[in-house]
Amino acid sequence: MRARRLASIVVVACLGLGVLTGCQVDSGKAAIIGGTSYTEDQVTEIYENALLASSDEPTPSASPAAAAPAVSRQKIVDLLVSLELGRRIVEEKKFPAPEQATKPEEIASALGAPPQSEYVKLWAAWLDVQNTIVEHTPRAGLTDEGLMQVYQALVRSNAIQGGMNVTQVREAFGAAIFAEAATIVSTSLGAEVEKVDAEINPKYQPLGAPLAVNTQQGPVFYALPYVSSDMVTDVSL
């Protein structure tokens with residue numbers, strides 16, 4: 001069960017940045033998404049709670065190669081915004097709820113924080129939302145440009161060797177199911193963010209969403225730049 005949940009993390013995508021502005025964000029606000037505000041105090045509370053919980057109840061990683069990334073304020077804002085946009089998509093399209101919700105304890109070790117922390121609970125909710133979007137959205141074929149966006153993101157995280165061309169990347173990725181799934185979520189989020197008034201505090205820009213790909217050593221966390229709709233083919237949102 002835990003392996004299935006960790007594998008599902010791979011479909012997390014990234015938010016479009018071109019439509020997000022930070023010049024009008026009120027003092028003390030981290031982000032405003034269509035009337036939903038997230039304050040700096042909220043971010044601080046989630047951040048400090050994760051750190052405190054981790055120190056009280058350390059969660060061992062599977063191996064050094066699979067060491068979980070440290071929690072940061074940036075990652076928390078990324079997660080909050082991604083989850084808010086994703087929930088709006090699910091509600092607007094009337095997608096059904098997942099048959100089985102992700103349990104925080106199933107992903108806590110990979111995230112390097114205890115299951116009772118708000119950070120892990122948000123991650124569990126985000127996994128359910130993005131998996132629902134992928135399950136109920138028609139599959140999309142990646143263009144070469146879109147494929148290379150995913151590849152370059154993995155290179156920057158030292159998860160794969162650099163210098164590969166498109167042909168080599170397609171061979172390495174195989175069916176590239178994880179990349180296609182990430183693109184489905186990405187284009188869905190991009191379309192949604194264009195519908196709402198989205199304002200992000202400049203200190204948190206550029207904004208991305210949590211992303212990971214499962215490997216034999218454990219999940220590798222990285223940030224995928226916004227993949228616009230022209231990087232996929234035959235996608236219907």
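1. Let's start with helix H8, which is mostly covered: 15 of its 17 residues are buried. Please keep in mind that this is a predicted model.

2. The same kind of check works here: the 20 residues of H3 should span 28 Å at 1.5 Å a residue, and the end C-alpha atoms lie 29 Å apart, in agreement with that. Just after H3, Lys94 takes a positive phi of about 55 degrees.

3. How do H3 and H8 pack? Helix H3 (residues 73-92) meets helix H8 (residues 177-193) at an angle of about 85 degrees, and the two axes are 10 Å apart. An angle of 65 to 115 degrees counts as roughly perpendicular, and H3 and H8 are therefore roughly perpendicular to each other.

4. Which residues make the contact? From H3 come Ser82, Leu85, Gly86, Arg88, Ile89 and Glu92, while H8 supplies Ser188, Leu189, Glu192 and Val193. Sorted by class, this contact of H3 with H8 has four nonpolar, three polar and three charged residues.

5. Is Ile89 buried or exposed? With a relative accessible area of 2%, Ile89 is buried, because the cut-off for that label is under 20%. Leaving aside neighbours within four places in sequence, Ile89 is in contact with Phe95, Ile133, Ser188, Leu189 and Glu192. Of the residues in that list, Ser188, Leu189 and Glu192 also belong to the H8 side of the helix contact.

6. The pair Ile89 and Glu192 shows how the fold brings sequence positions together: they are 103 residues apart in sequence, yet 6.8 Å apart in space, C-alpha to C-alpha. For the protein as a whole, residues 24 or more positions apart account for 82% of the contacts with a separation of 6 or more.

7. Finally, the wider setting. The protein has eight helices and seven strands, and 50% of its 237 residues count as buried. Its accessible surface comes to about 11000 Å², with 51% belonging to carbon and sulfur atoms.

Key: Residues numbered from 1 in each chain as written. Predicted model: local features only at pLDDT ≥ 70, side-chain atom pairs only at ≥ 80, totals over all residues. Heavy atoms only, no water. Axes fitted to C-alpha atoms, helices over the stretch in contact; angles between N-to-C directions. Helix = DSSP H or I, 4+ residues; strand = E, 2+ residues; numbered from the N terminus. Parallel < 35°, antiparallel > 145°, perpendicular 65-115°, else oblique. Contact = heavy atoms within 4.5 Å. Nonpolar A, V, L, I, M, F, W, Y, C, P; charged D, E, K, R; others polar. Buried < 20%, exposed > 50% of the residue type's maximum accessible area, 1.4 Å probe, protein only. Areas by Shrake-Rupley, 256 points an atom, 1.4 Å probe, with all protein chains shown as cover. Expected span 1.5 Å × (residues − 1).
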